[in-house]
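Colleague: I'm new to this one. Can you walk me through it?

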Amino acid sequence: RSLLIHSTYTTDTKSREENKKTIESLYRLSVDIKKIRRLKEWVLLQDVAYVKEIADILQEMGADETTVANILERCPEAILHTPAEINSQRALWQLVCQNEKQLIKLIGQFPESFFTTEYHENQKANILFFQELGLKNNIITRFLTSAPNIFCNPVEKNKNVIETLQRNYLSLGGSDANMKIWILKLLSQNPFILLNTSTAIQENLEFLQKNYFTDREVLQLLSKLKGFIFQLTPTTMQKSMLFSKNVFKCSDQELKQLVLKCPALLYYSVPVLEERLEGLLKEGISVAQIRETPMVLELTTQIVQYRIKKLSALGYDIKSGTLESLNGTKKDFEVNYGKIQSKKERPIFNPVAPIHVED
């Protein structure tokens, strides 16, 4: 995003000098000018900057001196925007923020997202569209900070993608009653769906249907993959499926069941699957074990090695046991590990149990 601003302002920077007025204004605000010189010196070379004005607006919103300095150090191009642009952006973000306290906190955490003003009209139209769609304001603020690119799209493009998803959801057997909940959940999990084209979405769904997945199974995959399936292409999915078929020596129907059990086989590229498979085999785990519990391929090699090491310390032999104990999130693993540990430490008999003797 800063590159957009950069290209607008830079001409022949080598022959230009730093703007002394800008430097003095930043110095008065206790901004680390060396840091700006190191990362974005081009900002300091511009003839016009609004240091005091932008700082005043931030302070009006409740930012203290330290916060203002931090914001300008992280996003110095903020001073190249006019006060009018920033006030417009402030009013826009207030549509979804509870109050200015929350707004200034977000600006402090994600200054570059806030100071991207080039697509102001698109941002506004998309915020209103998301609100009409039923997304809660706290989700929209998360989008603004973590996925700002989706607001750069014309609102018609985002509407088109949503309509494509709705149409496909119904054609795959989803109900009208659940459609809104499904769409909102999918967007909340993965707003980057909106960066895809309607054509790409259609092609991916058709690929799954051509590979013998029923409509119900396609819907299941969409939910399990949280929409990340739309960031793939039929070619990459085909390669991943072919790789898994060769590794596990299975039929098309068996492969389909493995993918439903572990959508990562569809989502990860061949090099990623290859690396993870090799990592497991080096630990003495067999292909048969992996086929039985393919979800283990969702974990990085480093995580697998760490978990195997912890379990081995308890005397648990992963080579002869099930891989289920390796699976899941960090929390899931800690729960399983705790169970194995307590089982190992449990006494053979209960010393406080009553002794039954005959009268």
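Predicted model: local features only at pLDDT ≥ 70, side-chain atom pairs only at ≥ 80, totals over all residues.

Colleague: Which residue does D56 form a salt bridge with?

Modeller: D56 pairs with K52. Their closest N and O atoms are 2.9 Å apart.

Colleague: Where do K52 and D56 sit?

Modeller: In helix α4, residues 51-60. They are four residues apart there, so about one helical turn separates them.

Colleague: Why does that spacing matter for direction?

Modeller: An α-helix has 3.6 residues a turn, so residues three or four places apart point the same way.

Colleague: And K52, buried or exposed?

Modeller: Exposed, because its relative accessible area is 56% and the cut-off for exposed is over 50%.

Colleague: How many salt bridges does a search of the whole structure find?

Modeller: Ten. One of them joins K40 and E112, with 2.8 Å between the closest N and O atoms. That pair links distant parts of the chain, 72 residues apart. K40 lies in helix α3 (residues 33-40), and E112 in helix α8 (residues 111-114).

Colleague: Is K40 buried or exposed?

Modeller: Buried, with a relative accessible area of 12%. E112 is partly exposed, at 27%.

Colleague: What about R291 and E254?

Modeller: Their side chains meet in a salt bridge, 3.5 Å from N to O. This pair also links distant parts of the chain. R291 is in helix α19 (residues 287-292), E254 is in helix α16 (residues 252-261), and they are 37 residues apart. R291 is partly exposed, at 27% relative accessibility. E254 counts as partly exposed too, at 36%.

Colleague: New topic. Which residues are buried in helix α2?

Modeller: T22, I23, S25 and L26, in a helix that covers residues 20-28.

Colleague: Why do they line one face?

Modeller: Look down the axis of α2. The buried residues fall within an arc of 165 degrees, so they line one face of the helix.

Colleague: What's on the other side of α2?

Modeller: K20, K21, Y27 and R28, which are exposed.

Colleague: And what covers the buried residues of α2?

Modeller: The cover includes α3, α4 and α5 (65-74).

Colleague: What happens at the start of α2?

Modeller: N19 reaches in there. One of its side-chain oxygens comes to within 3.0 Å of the backbone nitrogen of K21.

Colleague: Which residue follows α2?

Modeller: S30 follows α2, and its phi is positive, near 60 degrees.

Colleague: Let's zoom out. How many helices and strands are there?

Modeller: The protein chain has 21 helices and zero strands. The chain is more spread out than a compact globule, because its radius of gyration is 28 Å, well over the 21 Å that the globule rule gives for 359 residues.

Colleague: What does the C-alpha trace span?

Modeller: About 95 × 55 × 50 Å along its principal axes.

Colleague: How much of the chain counts as buried?

Modeller: Of the 359 residues, 44%.

Colleague: What about contacts between residues 24 or more positions apart?

Modeller: They account for 73% of the contacts in the chain with a separation of 6 or more.

Colleague: Last one. What is the accessible surface of the chain?

Modeller: About 19700 Å². Carbon and sulfur atoms hold 53% of that surface.

Methods: Residues numbered from 1 in each chain as written. Heavy atoms only, no water. Salt bridge = Lys/Arg side-chain N within 4 Å of Asp/Glu carboxyl O. Helix = DSSP H or I, 4+ residues; strand = E, 2+ residues; numbered from the N terminus. Buried < 20%, exposed > 50% of the residue type's maximum accessible area, 1.4 Å probe, protein only. Arc of directions from axis to C-beta. Contact = heavy atoms within 4.5 Å. Polar contact = N/O pair within 3.5 Å; in protein donor to acceptor, adjacent residues only side chain to side chain. Rg over C-alpha atoms; globule rule 2.2 N^0.38 Å. Areas by Shrake-Rupley, 256 points an atom, 1.4 Å probe, with all protein chains shown as cover.
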